[in-house]
Amino acid sequence: MQATAVSAMLSRRRCFAAAANRIRPLSRAFCDAPASREDAAPGGVPGSQDRTQEVGGVKAAPDVLDVAIVGGGMVGLAVACALCRLFFGLLRHVVPCMLKFLTFLYILYAANMPLTKNLRVAIIDSNPALKSRNYLTNSTVPDSRVSTVTPATISFFKDIGAWEHVQQQRHAFFGKMQVWDYTGLGYTRYNARDVGKEYLGCVVENKVLCNSLLLRLQKCFPGQEELDDIENVIYPTRLASLTFPSKSRQAGMKPTSSEPLSVVHSTEELHRSNLVKLDLSDGRSLYSKLVIGADGSKSNVRQIAGIKTTGWNYPQSAIICTVEHVVENDCAWQRFLPSGPIALLPIGNNFSNIVWTMSPEDSLRHKSMSPEEFVMSVNRALDFGYGPHPRSNALDHFMGKFFSGIGNTAASTKESFEVPPRATGVVSERMAFPLSLMHSHDYVSKRVALVGDAAHTVHPLAGQGVNLGFGDAAALAKVIAEGVSVGSDVGDLTLLRRYEKDRKAANVAMTAVLDGFQKMYSVDFGPLNVARAAAFHGAQYISPLKRNIISYAMGDTKWPIFS
């Protein structure tokens, strides 16, 4: 039975030749990609190794790419790592278990056939931090810039091989969370046990996430002891301009009377005329089938591509910093104040991260406070300031009893309100930045795709911004891999629309939820305060609702209401 299946499988040569397109783009994705600095620089001395490749019978110049990622932040690096790693997902999901090993051997063989095309990828970013190649030590004070990554994001990092590097550096899991209102009318406790999980999320410094992705990217190369390959992938410069192929150029150019037809219509020139030209600030130029804009909320790629956005500025700023405690914090805390929420997030080793939303004027005042004054202000905001602690009352008893028969009672339903650990000192720089909402009308256009903050920015009150970006990275890399496996052009708009369809609706839903919370908690009005208290009570005592909220926040479900 198995022999017949193996024979049938091996006879389908063309099918596996297409599948083989994944092995080299994804397990050796970058070793053949951009040229060395000498090869790429205009007028440079040719390198000792000829990196020119044969693609469909046409030699591809060293400055011709399949994918150019503009922006080497967390999301841009995640896309690169995902492209490197996705082949193993193909084995896991497409090939029957008993044939995995034989298929793997066959694809290794097929990968060397002329039909196979290498995926050439480059990352364009001038940030000097991208030169990091070692683990960051835990002896220093945690940086102010952190992200709360969800279990869905952690699973993605494990799939692309980056989480093992995060585990070697500072990070802090948390299994509990408490949210409450300054009025003292209600609170909600969440526990990972409510949904049968070990943790709700993990707080990681942004520099640790970037460093872990860089370390993973380095291992995409066969010669890991040599750093030349990864340095050839990352271009330490900025994007100056993009030039998109015009219809006239795609149709071909007419020769002049003084030029031979063979010169004007050179294969290389015609090939480049169908690609996006990227002019870099150091004078070099690259050509790519697909340009991925991972360059933040003020995306240069988005603006040059003419993609419009909708959004507005919030009358708020967020101040972030690291504080210290006498004891270790193992819970995420968030209190809604009249000016906006304040969050206390564990980062390990008796440290916590503060994300405090307030008016721009208050943010400037808090930045200029003495450390002692600032710590007093933080403790007041998280404890007795602005209003009393929530207390159990007859309504709590009634709701607990009434909803106890609806589904299995969540573990956190019977948990009492707790006071967060007091901060004893501020140990990092206090940073402030304005808050805004932005969403792109389109995520893709011909030969362009946007990911992360280049496509959408949200209010930070739930820490979901970067998780949405990592979701984009995973979805886009998957679509690219599927396109490569069947020989599609990775810049084809029909292919890219599949990525947009997958991510846009989910991102809009999360954006709407967060914007709604921001507006609901920005007004101090009696009837609205009572409505908010009712919402807290419902989330605390209605176990199915509580579980749905947790699953949505963790990234396990795509939609916010009973999905």
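The lining of the second largest cavity splits by class into four nonpolar, one polar and two charged residues. Here Ala, Val, Leu, Ile, Met, Phe, Trp, Tyr, Cys and Pro count as nonpolar, Asp, Glu, Lys and Arg as charged, and the others, Gly among them, as polar. The residues in question are Asn379, Leu382, Asp383, Val419, Pro420, Pro421 and Arg422, and the space they line comes to about 40 Å³. In all, the structure holds four cavities of 30 Å³ or more. A cavity is a set of points, on a 1 Å grid over the protein atoms alone, where a 1.4 Å probe fits but cannot get out, and lining residues have an atom within 4 Å of a point. Grid points are joined across faces, edges and corners, and the volume is the space filled by probe spheres set on the points.

A word on what you are looking at: this is a predicted model, where local features need pLDDT of at least 70 and side-chain atom pairs count only at pLDDT 80 or more, while totals for chains, interfaces and linings use all residues. Residues are numbered from 1 along each chain as its sequence is written, and side-chain values use heavy atoms, with hydrogens and water left out.

Stepping back, the protein chain has 22 helices and 22 strands, which are DSSP runs numbered from the N terminus (H or I, at least four residues, for helices; E, at least two, for strands). Of its 563 residues, 53% count as buried, meaning under 20% relative accessible area, with exposed over 50% and partly exposed in between (1.4 Å probe, protein chains only). Among contacts (heavy atoms within 4.5 Å) with a separation of 6 or more, 79% link residues 24 or more positions apart.

Now for some individual residues. Pro346 sits in strand S16, residues 340-348, and counts as buried because its relative accessibility is 0%. Skipping residues up to four places away in sequence, Pro346 touches Ala172, Phe174, Val203, Asn329, Asp330, Cys331, Ala332, Phe351 and Ser352. Asn350 is in the loop between S16 and strand S17 (351-358). Asn350 isn't a glycine, yet has a positive phi of about 65 degrees; at 23% relative accessibility, it counts as partly exposed. Tyr386 is another non-glycine with a positive phi, about 75 degrees, and belongs to the loop between helix H17 (371-382) and helix H18 (394-402).

Ile307 is in a loop too, between helix H15 (300-305) and strand S14 (309-324). With 10% relative accessibility, Ile307 counts as buried. Beyond four places in sequence, Ile307 touches Arg302, Ser440, Asp442, Ser445 and Leu450.

Finally, look at helix H21 (residues 526-541) and helix H22 (residues 543-554), whose axes come within 5 Å and cross at roughly 95 degrees. The axes are lines fitted to C-alpha atoms over the stretch in contact, with angles running from 0 to 180 degrees between N-to-C directions. H21 and H22 are therefore roughly perpendicular, a label for 65 to 115 degrees; under 35 is roughly parallel, over 145 roughly antiparallel, and the rest oblique. Gly538, Ala539, Gln540 and Tyr541 from H21 meet Ser543, Leu545, Lys546 and Ile549 from H22. Sorted by class, that makes four nonpolar, three polar and one charged.

Notes
1 Å grid on protein atoms, 1.4 Å probe; cavity = no way out; pocket = protein on both sides within 12 Å on 5 of 7 lines; lining within 4 Å.
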